[in-house]
Amino acid sequence: MLSALRHRAAELGDRAVHLRTETYRDALRQVDEPLEVCHPTSRRAREFVRGLDRVAVLPPRGFVTAQPDFVAWADERRGALRMEDFYRYARRLHDVLMDDDVPVSGRWNLDADNRQPPPKGATRLDVPDPPEIVEDDIDAQVREDLDRWAAEGIEFVGRDGPRRFPATRAEALARLRHFVDHRLALFGPYGDAMLSTDPAMAHSMLSAAFNLGLLDPMEAVRSAERAHRVDGAPLSSVEGFVRQLIGWRDFVWHLYWYFDAGYRSSNRLAANRSIPAWFADIDADAVQASCLSDVLAGVRDRGWVHHIPRLMVLGNYGLQRGWRPGELVDWFHRSFVDGYEWVMTANVVGMSQYADLGRMSTRPYAAGGAYVNRMSDYCGGCRYDPRHRLGVDACPFTAGYWAFLDRARDRLGGNVRMTRSLRQLEQIDDLPAVLAQEQARGPHAP
Ligand SMILES: Cc1cc2nc3c(=O)[nH]c(=O)nc-3n(C[C@H](O)[C@H](O)[C@H](O)COP(=O)(O)OP(=O)(O)OC[C@H]3O[C@@H](n4cnc5c(N)ncnc54)[C@H](O)[C@@H]3O)c2cc1C
Ligand code: SF4
């Protein structure tokens, strides 16, 4: 963030006034003219700017559907809000991948063609790495400041390393072009897969660039659409990428404002355990479970892992262990390069922890080791066995899945999508022993 801010000030030269002050109010005291600010990205910041004299608040930037359109759409639903429904509305509204009023190819969602496990025996996907970022003098100054602040006692999360994400528009555009030309084709089929030696696979790694305002999501959407219509890029990948941006990203943004401020503290599964120290401190080396250890190491070293490790490894583990959703929101917010309050709330509280009991998802994203085994290469080298729920090699995800269902069964009982899983739970004869085993695991690193 600091690098992007300083690069922008340098690009604008004498058209920018870059003030370095302790607080925003201190900066405002140094300016006499009326000011405009883009709609901020958190409730607290919005309160703050709305309370200032001489400051006009402009509409938000960096999202596709306007707030009044979302509100009109959501108000009409009056019940559970579903991304897929919103996504179709947005496709029509913005005329994306549409042939008149019909979706290209006649299908709205091609996810069924995707969701493939990693190619057998592969250690990485056959796609070139994104263009490298070369640090410059501005990055060196940022590093000096960070080192000084660390010496003064400010605690940072994770390990320092080279800057891996765009901080200028030119860097972001180069990444987008490279993604569309060389990586997009494999984005769809392998979007849900994980490889221990290829953390990015065919993901775009552009979330930080979108969130910093270096790229507009619609330019990425149009560029992917063109790649399909003009260059024949596979529709399942293009549709999948478009859905992430005009569907998920916008949906999550709008829900942050549409739900009331109390949504952030939802905890309707009554998850009341604190996040243990090894997780809070991102101590990947304390963890023996291969999947969790590798994903934590990715957060520690890069501040980024792709969507499935976030949802199905980190979030899934927290859900199974009954960690407080609010603590997880804070953890994701502070640990990720693309972390912002608006993006955390629905993704963590609603999607990953199901703490709203279905206001935005149809069922909890809880899964055992069989899922991780099918979608990754982690289990082969792990000291646990994904098929075992009991014993010294019992997989913490497999055992944790049943322990979670047992704990949440009353609250999930009314959900038809959970009926099969809850029926399976009834048939587990060694359940008491599994529960005792997981109780004993408690806050210890698996
Ligand atoms: C528990 C959890 C925490 C998350 N935290 C963040 C976060 O702090 N910041 C963040 O930007 N995204 C977050 N996401 C969403 C998503 O995982 C990341 O945007 C994505 O992994 C970033 O990698 P990428 O740019 O390669 O994405 P790609 O897989 O290439 O997807 C393309 C773009 O779609 C957008 N996108 C896709 N899914 C979502 C989503 N659910 N919410 C918002 N945008 C989405 C992103 O802008 C992303 O760059 C989170 C998801 C979960 C389940
Ligand atoms: S066996 Fe379990 S803990 Fe080990 S990698 Fe597989 S899912 Fe993760």
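This is a predicted model: local features need pLDDT of at least 70, side-chain atom pairs count only at pLDDT 80 or more; totals for chains, interfaces and linings use all residues.
Side-chain values use heavy atoms, without hydrogens and water, and residues are numbered from 1 along each chain as its sequence is written.

The chain is assigned domain 1 (2-58), domain 2 (67-258) and domain 3 (263-441); these bounds come from an automatic or database domain assignment. The C-alpha centres of domain 1 and domain 2 are 27 Å apart. Domain 1 brings 14 residues to the contact and domain 2 brings 16, where contact means heavy atoms within 4.5 Å. Within domain 1, the most area is lost to domain 2 by Arg-6, His-7 and Arg-43, together 42% of what that side buries.

One salt bridge is counted between domain 1 and domain 2. A salt bridge requires a side-chain nitrogen of Lys or Arg within 4 Å of a carboxyl oxygen of Asp or Glu. Arg-6 and Asp-145 meet in a salt bridge through their side chains, at 2.9 Å from N to O.

Helix H1 (2-12) and helix H3 (43-50) each give two or more residues to the side of domain 1 that touches domain 2. Helices are DSSP runs (H or I, at least four residues), numbered from the N terminus. H1 supplies the largest share of that side, seven residues.

Notes:
Chains are lettered from A and ligands numbered from 1 in the order in which they are written. Buried area is the accessible area (1.4 Å probe) that two parts lose on being put together, summed over both.
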